Amino acid sequence: MAGSSKDIPIVALIPARGGSKGIPRKNLAILQGRPLISHSIEAALFDQRINRVYVSSDDPEILDLARQSGAEPLLRPGSLAGDSSPMLPVMQHAMDAFFGLEESAKVKKDGLLMLLQPSSPLRSGTDVRRALDVFLSSGAGALISTVREDAKCLKNFFTSEDGFLRGIVNDEFPFMQRQELPAVFRPNGAIYIYRFSDLMRGCLMPPSTIGFEMSLASSIDIDTPEDLACAEQIMSAARGV
């Protein structure tokens with residue numbers, strides 16, 4: 001446990017609205033005998049440095065399950081629960097709830113919010129703990145979990161407004177050997193850590209944002225029935241079933 005975390009307020013937020021396009025009521029879909037959201041609640045409760053674990057939802061069944069699982073249900077306004085609702089106001093809504101309980105200048109200055117999306121069920125409690133350790137020891141402004149991608153994507157072009165090809169990053173990368181290209185990472189959606197102060201001013205990418213690399217298997221993002229079946233296979237194999 002990182003000693004510097006002792007007096008830092010830390011909130012975990014699991015956003016779980018009732019609607020879903022790819023899988024009907026996805027957050028309640030069964031994975032390894034339990035609702036999908038239960039895996040993220042378990043991961044959040046693993047690290048005792050986290051002061052509160054909120055499940056933000058517009059759905060009474062999800063909120064009831066959150067309560068039964070040891071998390072705190074946070075009723076989300078319908079205006080923040082649409083298919084295209086951005087995540088920033090959802091996080092700010094959770095912060096407002098926390099501020100109501102822990103109102104102090106220190107909370108707003110030093111507090112941290114960890115976003116754990118339920119579509120990443122293979123992110124473990126150990127991953128949560130390690131990510132928090134890395135963040136606290138780095139002094140970074142934010143942390144985003146990632147998975148390594150093939151760097152050949154840097155060799156791609158786009159067509160500019162004048163109709164000419166341009167490299168997506170620069171005009172040198174498309175002609176470099178793949179092994180000479182820089183490492184490339186994409187966000188896997190599993191873990192985000194932000195400072196309250198940045199979220200209050202609407203900043204999701206402070207200059208000192210760091211990555212937390214995770215394996216390809218643990219980075220699966222549940223969006224379709226095929227994704228759910230894949231996660232079931234991976235978890236069964238890990239348990240030797």
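This is a predicted model: local features need pLDDT of at least 70, side-chain atom pairs count only at pLDDT 80 or more; totals for chains, interfaces and linings use all residues.
Local features need pLDDT of at least 70 and side-chain atom pairs count only at pLDDT 80 or more, while totals for chains, interfaces and linings use all residues. Residues are numbered from 1 along each chain as its sequence is written, and side-chain values use heavy atoms, with hydrogens and water left out.

Me: Why does Leu165 count as exposed?
Reply: Exposed means over 50% relative accessible area, buried under 20%, and partly exposed in between (1.4 Å probe, protein chains only). Leu165 has 54% relative accessibility and therefore counts as exposed. Its place is in strand β9 (residues 165-167); strands (E, at least two residues) and helices (H or I, at least four) are DSSP runs, numbered from the N terminus.

Me: What makes helix α1 (residues 36-45) largely enclosed by the rest of the structure?
Reply: Eight of its ten residues are buried, so the helix is largely enclosed. Among them are Leu36, Ile37, His39 and Ala44.

Me: Why is one side of β5 (72-75) and of β11 (209-213) left without a neighbour in the sheet?
Reply: The open sheet has seven strands in the order β5-β4-β1-β6-β10-β7-β11, with mixed pairing. Both β5 and β11 stand at the edges with a single partner strand each, so one side of each has no neighbour in the sheet.

Me: What joins strand β4 (residues 52-57) to β5?
Reply: Two strands pair if DSSP finds at least two bridges between them. Four bridges join β4 to β5, and the two run parallel. Tyr54 stands opposite Glu72 in β5.
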